[in-house]
Amino acid sequence: MAEEETKIESYVFKPIGYASTWFKFKNATPRQPSVSSLTRGFIKISTEIFSQPHHSLKNLNQFSHVWILFLFHKNGRPFTKTMVAPPRLGGARVGLFSTRSPHRPNPIGLTLAKIEKVEGDTVHLCGLDLLDGTPIIDIKPYIPSYDYPQHNEQTDSVTTEAIDSATTAVSESTDAIDDPTYCSPPTTVSNPEWITLGGQEKTLNVAFTQDALSQIRKFSLDAEDPAYRLSFLKSPEEAQKAIEDILREDPRSIYRKMKGQDLLYFCVVDCMHVTTWFDECIKKCEVLRVMPYTTRKAMNEANKKQQWDNNLAKIEDKMKEVM
């Protein structure tokens with residue numbers, strides 16, 4: 001009788017690096033990489049993994065895209081549910097493993113990103129849907145002839161976890177199309193109706209007030225005021241397009257859509273703090289104001305201090321009354 005294999009009960013991963021992106025908060029972080037090609041960032045390989053990390057990225061620039069394995073490090077709850085409610089279903093529940101929910105028994109994520117350039121120990125990417133500081137487990141090149149499901153006459157349909165994002169991202173790359181190993185998406189891939197239901201009907205019309213457009217034009221890579229200096233986006237035009245791409249897909253949670261329809265929605269895009277309002281009836285999102293995130297942060301801190309001072313003054317007045 002063959003000796004039984006020992007089951008691995010747990011395994012400790014050490015991040016190879018961390019993602020650097022403009023997504024400091026969950027608000028408006030894309031749910032999938034295909035939302036916008038302008039969501040740039042980079043991954044720097046850690047010297048704790050390799051003494052010469054730049055060697056690990058050698059030849060990676062010969063590929064157009066990479067798969068990134070990462071940890072959902074800000075899930076915020078220690079348990080997972082077997083049934084979850086994807087945003088597209090408007091509250092209806094399906095099995096966890098038929099979704100891309102970040103709340104999983106092992107909080108491991110998979111995303112596809114386009115390589116912009118490789119510099120030393122750092123790979124620069126676009127089309128990212130990662131929070132800033134996300135721990136990266138692994139990077140693997142995207143190879144169409146391997147990663148597309150191949151036609152099999154004995155199989156009526158094939159499902160794959162990332163075919164939608166892979167197809168969208170690769171179609172944007174002329175490098176991938178010129179590659180001799182490139183092949184078109186197979187007709188045997190299938191998805192449930194609720195994945196594709198609605199299509200363009202699910203997206204919103206995004207409008208900007210004249211004030212917001214004027215405010216966006218103050219931001220640039222070489223702005224005199226550091227508060228208006230872009231870090232990832234390259235121009236005011238890109239900034240406007242990135243905001244539009246992200247809001248078009250309605251980044252709000254199901255709870256926010258149901259309980260906070262009349263509330264303003266805030267998000268951060270690069271160094272910009274964006275104030276918006278959603279109109280459910282006409283499927284529209286309007287950008288009301290765009291200001292430097294550092295300015296907005298200072299305003300919030302000043303308001304908190306004022307509130308603290310007011311509360312302290314009330315406590316002192318009550319103590320005087322008692323005495």
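Tutor: Helices (H or I, at least four residues) and strands (E, at least two) are DSSP runs, numbered from the N terminus. This is a predicted model, in which local features need pLDDT of at least 70, side-chain atom pairs count only at pLDDT 80 or more, and totals for chains, interfaces and linings use all residues. Residues are numbered from 1 along each chain as its sequence is written, and side-chain values use heavy atoms, with hydrogens and water left out.

Student: Which residue follows helix 6, and what is its phi?

Tutor: Asp250 follows helix 6, and its phi is positive, near 50°.

Student: Why does the span of helix 6 agree with its 13 residues?

Tutor: The expected span of a helix is 1.5 Å times one less than its number of residues. For helix 6 this gives 18 Å, and its end C-alpha atoms are 18 Å apart, so the two agree.

Student: Which residues of helix 6 are buried?

Tutor: Buried means under 20% relative accessible area, exposed over 50%, and partly exposed in between (1.4 Å probe, protein chains only). In helix 6 the buried residues include Pro236, Glu238, Ala239 and Ile243.

Student: Which residues have the most contacts inside the largest nonpolar core?

Tutor: A nonpolar core is a set of buried Ala, Val, Leu, Ile, Met, Phe, Trp, Tyr and Cys residues joined through side-chain atoms within 4.5 Å. The largest has 30 residues, and Leu233, Ile243, Val269, Met272 and Val287 have the most contacts inside it. Helix 6 gives the most to this core, with 5 residues.

Student: What does Met272 touch?

Tutor: Contact means heavy atoms within 4.5 Å. Not counting residues up to four places away in sequence, Met272 touches residues including Phe219, Leu233, Ala239 and Ile243.
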